[in-house]
Amino acid sequence: QHYFADLSAAQAQAAQAQERLAALSLHQAQNLQMQEENATLRALLALRSGRFPQSLAAEVLYDTADPYSRRVVVDAGQASGVEPGSPVVDALGVLGQITRVHPFYSEATLLIDRDQAIPVVNVRTGQRGVAYGDPVLSHGGGMELRFMQASADIEEGDLLTTSGMDGVYPPGLPVARVVRVERRADLAFARVYCKPLARVQGARHVLLLSPAINDLPP
């Protein structure tokens, strides 16, 4: 009888220990998430106060359910002064642009969407080009720098930033990094694959900028 009582007590203590361990693990995970969010918010605040004082902070609510496009919904709309075409950036780089505005929320199309194209410049060489979205590249979305001559000076690791030629994105925003260059003797153009620098998956806090054309002198 004492044996069974001791066994039951030991099992109860083990169960309590498991519960405490699970609670501690959950608490640690929450702390890590809060630290990551705080770091992201601090980086966005620095970006906003330093380069884009007129930008609007917003939060990503959810991804759209359309399987044929890559869009997210943010919690700012017409009531907050959001315009169609407004660039969307996070602390790491360009995320996309606003393509539909509602009174209290907006839809942003990510730059990895197949219908998105963004003029870029290679920081190392100064060569300009256009990067197109491809939602299936790099296991979750990537970009392709198209119509680059096979002999072009472009290498893995090159940084691409906005050129500002489209009147949408201000120049100099980080866009992507070249991850692979394929050249074939029988093709005039190289295949240049790029990975976006912004968090195209899992972004939560973003800045909405005014379209670059709004900042041009009359």
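The model is predicted, so local features were considered at pLDDT of at least 70 and side-chain atom pairs only at pLDDT 80 or more, whereas totals for chains, interfaces and linings use all residues. Residues are numbered from 1 along each chain as its sequence is written, and side-chain values rest on heavy atoms, with hydrogens and water left out.

A closed barrel is formed by 6 strands in the order β6-β7-β8-β11-β10-β9, with antiparallel pairing. From one strand to the next, the twist averages 40 degrees. Strands, like helices, are DSSP runs numbered from the N terminus, a strand being E of at least two residues and a helix H or I of at least four. Two strands count as paired if DSSP finds at least two bridges between them. Angles run from 0 to 180 degrees between N-to-C directions, with axes taken as lines fitted to C-alpha atoms, for helices over the stretch in contact. Strands of a sheet pair through backbone hydrogen bonds, either parallel or antiparallel.

With strand β11 (residues 189-196), β8 forms an antiparallel pair over 5 bridges, and M143 has C194 in β11 as its bridge partner.

Strand β6 (residues 117-122) includes A117. Leaving aside residues up to four places away in sequence, A117 touches V130, A131 and Y132, contact meaning heavy atoms within 4.5 Å. A117 and L145 are 28 residues apart in sequence, and their C-alpha atoms are 9.5 Å apart in space. A117 has a relative accessible area of 36% and is partly exposed. On this scale, buried means under 20% relative accessible area, exposed means over 50%, and partly exposed lies in between (1.4 Å probe, protein chains only).

The structure holds 8 salt bridges, each defined as a side-chain nitrogen of Lys or Arg within 4 Å of a carboxyl oxygen of Asp or Glu. Side chains of opposite charge can pair when their charged atoms come close. One of the salt bridges joins E59 to R204, with the closest N and O atoms 3.0 Å apart. This pair links distant parts of the chain, since E59 lies in strand β1 (residues 56-63) and R204 in the loop between β11 and β12 (205-208), 145 residues apart. Both ends are partly exposed, E59 at 25% relative accessibility and R204 at 36%.

A salt bridge also connects R124 and D153, whose closest N and O atoms are 2.9 Å apart. R124 lies in the loop between β6 and β7 and D153 in the loop between β8 and β9 (159-162), so the pair ties together parts that are 29 residues apart in sequence. R124 is partly exposed at 41% relative accessible area, and D153 is partly exposed at 41%. A network of salt bridges links R124, D153 and D158.

R146 is partly exposed, with a relative accessible area of 31%, whereas E144 is buried, with a value of 9%.
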